[in-house]
Amino acid sequence: MFGKLVILLFCVHMCSGVYFYIGEKERKCFIEELPEDIMVTGKYKAQFYDPNTKNYIDSPPGMGMHVEIKDPDDKVILDKIYGSEGAFTFTTHTPGEQHICIGSNSTRWSLFAGGKIRVYLNIQIGEATVNYKEIAEKEKLTELQLRVRQLIDQLDQIQKEQNYQRIRESRFRATSEATNSRVLWWSIMQVTLLLVAGAWQMRHLKGFFEAKKLV
């Protein structure tokens, strides 16, 4: 049961679809935390709101959508203008949070639509980006051979995820150790300051009593 649950969560992570609304020159960004050497494919479709029909209709061909992808180091992986409907693909080179931003680069169409654009976005990750039906036809694979190919790709994906989790664990451990070290040194500084203040007060009181000839 636990194994099935893990596989289900893994499959859900490999493919996710959303829709959102944007205005003119506006964009939305999504963050996918991924290991390195993972292929990501995004398919999108932009629609305009028609006040006459009070419904969303397909956008005209002249409308452009700007897609920008940045890696965890804020390095631009992809920066391109596509049509109102299309797909983009990139491969991760640095493990961590990948920023996927998509928006309209046109003002005239969004003004025509009253500033309302609905965008469907479907992001596929890793093994989910592979067209196994096309591979089977091209390489003339049997159903069993195709299933073995899928399992190999899934295992490779799981191994990359596990390696990334080890990297995250190492980063977290380093952060925890650095934090503990700072807390320790701060405690030592506090104790040192208290001892110095106590010694100064004792010396001051001793001088006061001696001046008053009380001791």
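Two strands count as paired if DSSP finds at least two bridges between them. With eight bridges joining them, strands β2 and β8 (residues 96–104) pass that mark and run antiparallel. Welcome to a quick tour of this predicted model, whose protein chain holds four helices and nine strands.

**Overall layout**
- Reading from the N terminus, the elements follow the order α-β-β-β-β-β-β-β-β-α-β-α-α.
- Of the 215 residues in the protein chain, 29% are buried.

- Strands pair in a sheet through backbone hydrogen bonds, and the pairing can be parallel or antiparallel.
- Here, four strands form an open sheet in the order β2-β8-β5-β6, and their pairing is antiparallel.
- At the edges sit β2 (27–34) and β6 (76–82), each of which pairs on one side only.
- On average, and with direction ignored, neighbouring strands of this sheet are turned by 15° against each other.
- For a specific point to find in the viewer, look at cysteine 29, whose bridge partner in β8 is cysteine 101.

**Arginine 118**
- This residue belongs to strand β9, which covers residues 117–125.
- Arginine 118 is buried, yet it has no salt bridge.
- What the arginine 118 side chain does have is a polar contact of 3.5 Å with the side chain of tyrosine 120.
- Beyond its neighbours within four places in sequence, arginine 118 is in contact with Tyr19, Phe20, Tyr21, Lys45, Ala46, Gln47 and Tyr56.

**Two aspartates with positive phi**
- Most residues other than glycine have a negative phi, which makes the next two worth a look.
- Aspartate 37 has a positive phi, near 60°, and is found in the loop between β2 and β3 (39–50).
- Is aspartate 37 buried, partly exposed or exposed? Its relative accessible area is 48%, so aspartate 37 is partly exposed.
- Aspartate 74 also has a positive phi, near 65°, and lies in the loop between β5 (65–70) and β6.
- At 53% relative accessibility, aspartate 74 counts as exposed, because the cut-off for that label is over 50%.

Definitions and conventions: Residues are numbered from 1 along each chain as its sequence is written. This is a predicted model: local features need pLDDT of at least 70, side-chain atom pairs count only at pLDDT 80 or more; totals for chains, interfaces and linings use all residues. Side-chain values use heavy atoms; hydrogens and water are left out. Buried means under 20% relative accessible area, exposed over 50%, partly exposed in between (1.4 Å probe, protein chains only). Lys and Arg count as positive and Asp and Glu as negative; His and the chain ends are not counted. A salt bridge is a side-chain nitrogen of Lys or Arg within 4 Å of a carboxyl oxygen of Asp or Glu. A polar contact is a pair of N or O atoms within 3.5 Å; within protein, one must be able to donate a hydrogen and the other to accept it, and residues adjacent in sequence count only if both atoms are side-chain atoms. Contact means heavy atoms within 4.5 Å. Axes are lines fitted to C-alpha atoms, for helices over the stretch in contact, and angles run from 0 to 180 degrees between N-to-C directions.
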